[in-house]
Amino acid sequence: MRATPLLLLLRASSTTPLLNNSPARPVTVHTGFLLIETTYRSNVGAAARAIKTMGFSDLRLVAPKDVRVTGRKQCKEMASGATDVLDGAGIFENIEDALASCVSSEYGDVIVCG
């Protein structure tokens, strides 16, 4: 069985740069997850559940075998309470489009891990 690649997207931002001797301020981090060339509906649902369990919500599917996977019964059953993550999932033909949507949206600069 071929493993589905996963990319983790991170963006850290701060409205004002920190200067020497200035107090530390919170940094906003937006995290998104890309699943690439998914084959199994249940894996997509389980990933959505795990993403929500960890407190995240941004799921992007790149070239899934079934482009309507997020609406399939098996996928929704495995999501078990995370159908909102499935409903908000973006579906892209290639990684470049998925990353371009990150850069043009709330991410700004994107760090790709995976």
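**Ground rules.** I number residues from 1 along each chain as its sequence is written, and I leave hydrogens and water out, since side-chain values use heavy atoms. In this predicted model, local features need pLDDT of at least 70 and side-chain atom pairs count only at pLDDT 80 or more, while totals for chains, interfaces and linings use all residues.

**Entry 1: salt bridges.** I looked up the salt bridges (a side-chain nitrogen of Lys or Arg within 4 Å of a carboxyl oxygen of Asp or Glu), and the structure holds six. I noted that side chains of opposite charge can pair when their charged atoms come close.

I then turned to D66 and R72, whose side chains meet in a salt bridge of 2.8 Å, N to O. D66 is buried at a relative accessible area of 17%, whereas R72 counts as partly exposed at 25%. I also found that R41, D66 and R72 are linked in a network of salt bridges.

**Entry 2: a pair within a helix.** E77 forms a salt bridge with K73, and their closest N and O atoms are 3.8 Å apart. Because the two are four residues apart in helix 2 (residues 73–79), about one helical turn separates E77 and K73; helices are DSSP runs of H or I with at least four residues, strands are runs of E with at least two, and both are numbered from the N terminus. K73 counts as exposed, with 64% relative accessibility.

**Entry 3: positive phi.** Which residue between strand 2 (28–36) and helix 1 (41–53) did I check? I checked E37, which lies in that loop, has a positive phi near 50° without being a glycine, and is partly exposed at 37%. S80, also not a glycine, has a positive phi of about 35° and sits in the loop between helix 2 and helix 3 (83–87).

**Entry 4: nonpolar cores.** A nonpolar core is a set of buried Ala, Val, Leu, Ile, Met, Phe, Trp, Tyr and Cys residues joined through side-chain atoms within 4.5 Å. The largest has 15 residues, of which V44, A48, L59, L61, V85 and L86 touch the most other members. Helix 1 gives the most to this core, with four residues. A second, separate core of five residues includes L34, I36, V62 and F92.

Terms used
Buried < 20%, exposed > 50% of the residue type's maximum accessible area, 1.4 Å probe, protein only.
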